[in-house]
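Below, each one is set against its cut-off.

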Amino acid sequence: MSDTQYAYAVARIRSKELSLLNAQAMEQLLSAKDEEECLSLLHSRGWGDAKSYDSPEKMLEAEREKTLALLKELLDDLSDFSVFFCANDYHNLKAAMKAVYSGTDPQGIFQSGSTVETQTVLQAVRERDYSLLPEPMRVPAQEAFDALLHTGDGQLCDFILDRAALLAVKSAGEASENELIREYAELTVAAADIKVAARACATGKPFPVILRALAPCDSVNIEELAQAAAQGEEKLYQYLRSTPYAQAEDALRESVSAFERWCDNRIMRAIRPQKYNPLTIGPLAAYFLARENEIRVVRIVLSGKRNQLPEQSVRERLREMYV
Amino acid sequence: MDKMGIAFALLGAVLGALMAGVGSARGVGLAGEAAAGVVTEDPGKFGKVLVLQLLPGTQGIYGLLVAFITLSQIGVLGGNADISLTKGLLYFLACMPIAVVGYWSALRQARAAVASIGLVAKRPDQFGKAMIFPAMVETYAILALLVSILAVFGIGGINV
């Protein structure tokens, strides 16, 4: 598809960017006295719908649905965006497996924005007919559900599907012609590998176990990462210094959630140049990521207000905004 | 072989109108898509984005102007259409600046117009500045128009 085919879509996105939350809007939210006032502020900016007035989660879900509806309207084919959605497919697969295994009602456990219908995922797991799933999901689905049935170990099931999800993200990134989407996929996989290695290091997992959990990527050598993680924290930080994620060392030393914030901020910095790109699919991808980031930040603020956390504590968890 | 003179001259006139026209049609179309995107979200910006959309349309007019003058000079619109091969080739070459520069400048101006439409979408108060960026590209279309017109008029006085 020629870059000029996105002229209409990018122009609409430019107008939509005006309603994104900026730093000033975030300050307003932070200075609200409670969650109710935050919700009221968000509603006055057009967030949520009539059904979600009193429910923060419904409001955030409604915002996510609005973004997805806009993208579906602007793009005939969302395959270029599968890099953002394929992880949801694996999340839904995990949820379906656990619901079927425990015999619980699967209502409300699935995430929106997946490429496979949730009912199809549920049916595939219930009937163990994995041919209903897309080809790359079949083998990990069978392996994960068999592991869950034989061992009852939910973590092992998660472990198999999380790695499969990362491989799907990497594969979707490689299939894209857009530089931003490729960079996003690479950073997502590398960040997940680093997080897994850091957690495994903290719990003293051996090298073969760590290596099995990591997904290959271009910016991190997973064998060296697993080796470093197996040898201890200092070796892990030492290895990180030789990668493009050297600046993440301080964040990782602080906590895994601080590292996640560092990764989110890095994605925001990577997508900012798209504000000045008049054509290509890049600004659409950037808008989607900006909206996801916005929803994540609003969730942090609402949660902080609900739990009456000090403002400084909430502020430390916030991410940089796109606008 | 002398009959080929009028054929080359006519080819030059046709290419002048054709290439500049195609460039403008593509350019106005592209800018129109971007303009429609902005108006979908904010119909109040219609007037501003319409002006930006029209900017890449001028090359088509320049091409038409050069073609019209050339047709008049070579006698296709009336008078004596008997011109030598050399003169025919000269007319052909005279039309090339607006044909080539018209085509490419329309496409490039369209991209600048699309970027400016994005600027107006976010900062409507900067409309004046947004106009200047695509308008700069117009300079080169005007230069090509001048060269083509001067050449077409000048060839009439050459005895070849």
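This is a predicted model: local features need pLDDT of at least 70, side-chain atom pairs count only at pLDDT 80 or more; totals for chains, interfaces and linings use all residues.

Q: What makes B:Gln109 count as buried?
A: Buried means under 20% relative accessible area. B:Gln109 has 0% relative accessibility, so the residue counts as buried.

Q: Where does B:Gln109 lie, and what does it touch?
A: B:Gln109 is part of helix α4 of chain B. Leaving out residues up to four places away in sequence, B:Gln109 touches B:Leu55, B:Pro56, B:Thr58 and B:Gln59 as well as B:Pro134, B:Ala135, B:Val137 and B:Glu138. A touch here means heavy atoms within 4.5 Å.

Q: What secondary structure does chain B have?
A: Chain B has five helices and zero strands. From the N terminus on, its elements read α-α-α-α-α. Along the principal axes, the C-alpha atoms of chain B fill a box of roughly 60 × 20 × 20 Å.

Q: How much of chain B counts as buried?
A: Of its 160 residues, 44% do.

Q: What share of contacts in chain B join residues at least 24 apart?
A: The share is 86%, among contacts between residues at least 6 apart in sequence.

Q: Why is A:Gln111 called partly exposed?
A: Under 20% would be buried, over 50% exposed, and partly exposed is in between. A:Gln111 has 34% relative accessibility, so it counts as partly exposed.

Q: Where is A:Gln111 found, and which residues does it touch?
A: A:Gln111 sits in the loop between α5 (82-102) and α6 (118-126) of chain A. Apart from residues up to four places away in sequence, A:Gln111 touches A:Asn88, A:His91 and A:Asn92.

Q: How many cavities of 30 Å³ or more does the structure hold?
A: It holds three. The largest cavity has about 50 Å³ of space.

Q: What lines the largest cavity, and which helix supplies the largest share of the lining?
A: The lining residues are A:Leu180, A:Glu183, A:Tyr184, A:Leu187, A:Ile267, A:Ala270, A:Ile271 and A:Leu289. α9(A) gives the largest share, four residues.

Q: How does the lining of the largest cavity divide by class?
A: Seven residues are nonpolar, none is polar and one is charged. Glu counts as charged, and A:Glu183 is in the lining.

Q: How much space lies in the second largest pocket, and which residues are closest to its centre?
A: The second largest pocket has about 360 Å³ of space. It is lined by 19 residues, and closest to its centre are A:Lys275, A:Tyr276, B:Gly118, B:Leu119 and B:Lys122.

Q: Which helices each supply at least two residues of that pocket's lining?
A: They are α1 (7-16) of chain A and α4 (85-122) of chain B. The largest share, six residues, comes from α4(B). By class, the lining of the second largest pocket has twelve nonpolar, two polar and five charged residues.

Note on methods:
Residues are numbered from 1 along each chain as its sequence is written. Chains are lettered from A and ligands numbered from 1 in the order in which they are written. Side-chain values use heavy atoms; hydrogens and water are left out. Buried means under 20% relative accessible area, exposed over 50%, partly exposed in between (1.4 Å probe, protein chains only). On a 1 Å grid over the protein atoms alone, a cavity is a set of points where a 1.4 Å probe fits but cannot get out, and a pocket is an open set with protein on both sides within 12 Å along at least five of seven lines; lining residues have an atom within 4 Å of a point. Grid points are joined across faces, edges and corners, and a volume is the space filled by probe spheres set on the points.
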